Every structure is written in C-alpha cells, then in structure tokens.
Amino acid sequence: MIQNPHLQLDGIRAVLIDLDGTLVDTAGDFGVALNAMLADLGAEPVPVERLMTFVGKGTANLVRKTLAERFPESDIDALFERAQDKYEAVYTSINGENTVLYPEVREGLAALREAGLPVACITNKQHRFAVDLLAHYGLGDQFDLVYGGDSWPKRKPDPMPLVKACEAFGVTPAQTVLVGDSGNDAQAARAAGCRSLTVPYGYNHGESIQTIDTDGIVASILGAARAILPKATSALAN
C-alpha cells in the first residue's frame, strides 16, 4: 500500500493513537536504559538500531529480547527480575530526555481536538511511563484517555485495549481508527473491527512498513487528521 495524500476515511467518531514510534521517537531513551541494564549485569552494550527491533510488545518482552542478545536462554529467567528492575529504574530517571517529537504531531492533535473528536493514546509502554512522556512534551491534555500495556490484562496486538477505549467513548469499533507505526497496531485494529492508519516512520520490529495490512499510510499525525476529518478545519488548511 502506498502513501495517499488524498486518503479519506468516512464516519470516524474517535481516534486512537500509538505512542512509541508514532508520536515520539523514543529510541534514545530505550538505548540508554537497556544498555545500562546490560552494563549492570556485566555485559557489553547492544547497538540501539538492534534494540529498536524489539520495541512494541511491552517491557517484559523488551527486556527478555535484550538479555537474549548477550546471555544464553538458560540464564534469562534467573537474570530477568534484576534486569527489569534496573531497566525501569533508569528509564524512570531519563524518560523523555533522549527523545524527539515527530514532525506535525502537535498540529495533527490540535486539528483532531478542534474537530471535537475524542482521542486516546493506546500504547504497550507502561501507563506511568506513557503519562510522564506525554507530560514531558506538554501533550497530556490532548488525550481523553491513556491506556498503557499494564492498563488491561491484554495488550496490542490483542484488541482488548481498543475495545475498552471504544466502550469508554461510546462508539463502535467501525467508527474508530487506530494510528500506529507497526503490525502490532494494525493487527489489534483488525481484530477489534477498527480502521487502521500507519505512519511510514517508527520501528515496526525492523520490518518494512509495506508489509502491514492497513487502510492507508499517512505521512504524519497531521496527515492522519486530514484523512480522518470530513472537512478541513483551519488547522488543517494551514
């Protein structure tokens, strides 16, 4: 599927947006925290480019895959608790410091808010980390809901967080679109019955964005807003 600047989705009444790789490039923070974790265990660092292929399925998966780069599988269970504690301690202390907000995020969120659409952030990052990162960029008030990977018993690609957000907003999944950067997001949307838009940047576990089954590829969050809103608002026209 190719990027289409004229893409239009009809009947959307709520918008769900992923965080890591969609709103914020968090590679720097992940690299610092994960390599500090490895250093604490006496292991050599792993290139950030490699670590970013592990992002998207929650903290436990991220920690385990990073450990597997430097330790035999038989040692991972024994190391896991210490490793995760170290990772979370470091990540808490630096959350947002080595990150970059993607272009047109503020403009896209402003357009969605101006149009009166409810907006939720649905991420597999732990809820407290997500809330703090959004606050770091002054974006907390742009979201009516924030669901993290620990907000519900299941996380993306399971549809549960999306279904719960639809219930909270009083809309059907068919009236809802999820904007994300990975197959995790698209799979969750398909399973929930939501529409799906994908940005061409981000992580997607190191795989091509063209492999994702989605309703369209948009250049940015502002591009997503243009596809979602039936009429251009003043924010979209600029």
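Which residues do ring pairs link into a cluster? In this predicted model, the cluster consists of Phe30, Tyr87, Tyr91 and Phe129. The report begins with the domains and the nonpolar cores, and then returns to these rings.

## Domains

The domain assignment of the protein chain gives two domains: domain 1, made of 14-23 + 102-228, and domain 2, made of 26-94. Taken over C-alpha atoms, the centres of domain 1 and domain 2 are 25 Å apart. Contact between them involves 12 residues of domain 1 and 13 residues of domain 2.

## Nonpolar cores

The largest nonpolar core contains 63 residues. Within this core, the residues with the most contacts are Val15, Ile17, Leu67, Phe143, Leu197 and Ile228. Helix α4 (residues 73-94) supplies the largest share of the core, with 8 residues. Because domain 1 (14-23 + 102-228) and domain 2 (26-94) both give residues to this core, the core lies between them.

When residues up to four places away in sequence are not counted, Leu67 touches Met37, Leu38, Leu41, Ile76, Leu79, Phe80 and Ala83. Another core, of 16 residues, lies apart from the largest one. Among the residues of this other core are Ile122, Leu145, Tyr147 and Ala165. As general background, nonpolar side chains in soluble globular proteins tend to be buried together.

## Aromatic pairs

The count of aromatic pairs comes to 5. One of the pairs is formed by Phe30 and Tyr91, which are tilted, at 5.5 Å centre to centre and with 35° between the planes. Phe30 belongs to helix α1 (residues 27-40) and Tyr91 to helix α4, so the pair ties together parts that are 61 residues apart in sequence. Both Phe30 and Tyr91 are buried.

Tyr91 also pairs with Phe129. The ring centres of Tyr91 and Phe129 are 4.9 Å apart and their planes stand at 55°, so this pair is tilted. Tyr91 in helix α4 and Phe129 in helix α6 are 38 residues apart, and the pair thus links distant parts of the chain. Tyr91 counts as buried because its relative accessibility is 0%, where the cut-off is under 20%. Phe129 is likewise buried, with a relative accessible area of 2%.

## Helix α6

Which residues of α6 are buried? They are Phe129, Ala130, Leu133 and Leu134. Seen down the axis of α6, these buried residues fall within an arc of 130°, so they line one face of the helix. The buried residues of α6 pack against β2 (24-25), α4, β4 and β5 (145-147). Just after α6, Gly138 adopts a positive phi of about 65°.

Gln126 is placed in the loop between β4 (119-122) and α6 (127-136). Is Gln126 buried or exposed? With a relative accessibility of 15%, Gln126 counts as buried, because the cut-off for a buried residue is under 20% relative accessible area.

The side chain of Gln126 makes a polar contact with the side chain of Glu88, at 3.4 Å. Leaving aside neighbours within four places in sequence, the residues in contact with Gln126 are Thr59, Glu88, Gly148, Gly149 and Asp150.

Technical notes:
Residues are numbered from 1 along each chain as its sequence is written. This is a predicted model: local features need pLDDT of at least 70, side-chain atom pairs count only at pLDDT 80 or more; totals for chains, interfaces and linings use all residues. Side-chain values use heavy atoms; hydrogens and water are left out. A nonpolar core is a set of buried Ala, Val, Leu, Ile, Met, Phe, Trp, Tyr and Cys residues joined through side-chain atoms within 4.5 Å. Buried means under 20% relative accessible area, exposed over 50%, partly exposed in between (1.4 Å probe, protein chains only). Helices (H or I, at least four residues) and strands (E, at least two) are DSSP runs, numbered from the N terminus. Domain bounds come from an automatic or database domain assignment. Contact means heavy atoms within 4.5 Å. A polar contact is a pair of N or O atoms within 3.5 Å; within protein, one must be able to donate a hydrogen and the other to accept it, and residues adjacent in sequence count only if both atoms are side-chain atoms. The arc is that of the directions from the helix axis to the C-beta atoms. Rings of Phe, Tyr and Trp (its six-membered ring) pair if their centres lie within 6.5 Å; planes under 30 degrees apart count as stacked, over 60 as edge-to-face and the rest as tilted.
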